[in-house]
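The following note sets out points for a colleague reading the model. Please consult the sequence and coordinates alongside each point.

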Amino acid sequence: MRVMLRAHMDTQISNEAIENGTLPKVMKSMAELLEPEAAYFGPSEGGRCCTFVFDMQDSSLLPTIAEPLFQKLGAKIEIQPVMNTEDMQKGLAALRKG
């Protein structure tokens with residue numbers, strides 16, 4: 001299932017992670033683990049944020065995905081199902097067929 005993960009990083013912890021080199025390592029390992037179709041980085045809600053859109057094959061992967069963000073960056077995360085345009089059109093077509 002295509003999902004979007006958004007992580008809002010704690011400012012103090014992520015400042016330290018930048019200084020000691022942890023932040024780029026965590027982002028690299030996340031990209032390798034998730035193989036996202038899209039990844040974005042920027043400010044949100046007054047702090048650092050990253051967003052990944054990827055295919056989550058199994059919900060049992062959630063701890064593997066979330067824990068590095070919690071433990072190393074003090075992040076607050078959201079993971080939610082999302083659709084691209086093609087998925088939405090397919091879903092709406094099925095809805096019309098009823």
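1. A disulfide is taken here as a pair of cysteine sulfur atoms within 2.5 Å. By that criterion, the structure holds zero disulfides. The sulfur of cysteine 49 lies 6.1 Å from the closest cysteine sulfur, that of cysteine 50, and is therefore too far away for a bond. Cysteine 50 is likewise in no disulfide.

2. The model is predicted: local features need pLDDT of at least 70, side-chain atom pairs count only at pLDDT 80 or more, and totals for chains, interfaces and linings use all residues. Residues are numbered from 1 along each chain as its sequence is written, and side-chain values use heavy atoms, with hydrogens and water left out.

3. Cysteine 49 counts as buried because its relative accessibility is 6%. Cysteine 50, with a relative accessible area of 0%, is buried.

4. The chain contains four helices and four strands, in the order β-α-α-β-β-α-β-α from the N terminus on. These elements are DSSP runs, numbered from the N terminus: helices are H or I of at least four residues, and strands are E of at least two. Along the principal axes, the C-alpha atoms fill a box of roughly 55 × 30 × 15 Å.

5. Of the 98 residues in the chain, 28% are buried. The accessible surface comes to about 6,600 Å², and carbon and sulfur atoms account for 54% of it; the areas come from the Shrake-Rupley method with a 1.4 Å probe, and for residues only the protein chains shown count as cover.

6. The largest nonpolar core has 18 residues, and those with the most contacts inside it are Met27, Phe52, Phe54, Leu69 and Leu73. Two or more residues each come from β1 (2–8), α2 (22–34), β3 (47–55) and α3 (62–73), with α2 giving the largest share, five residues. A nonpolar core is a set of buried Ala, Val, Leu, Ile, Met, Phe, Trp, Tyr and Cys residues joined through side-chain atoms within 4.5 Å.

7. Which residues does phenylalanine 54 touch? Leaving out residues up to four places away in sequence, its partners are Met1, Arg2, Val3, Leu5, Leu34, Pro36, Glu37 and Ile65; contact means heavy atoms within 4.5 Å. Across the chain, among contacts between residues at least 6 apart in sequence, 71% join residues at least 24 apart.

Definitions and conventions
Buried < 20%, exposed > 50% of the residue type's maximum accessible area, 1.4 Å probe, protein only.
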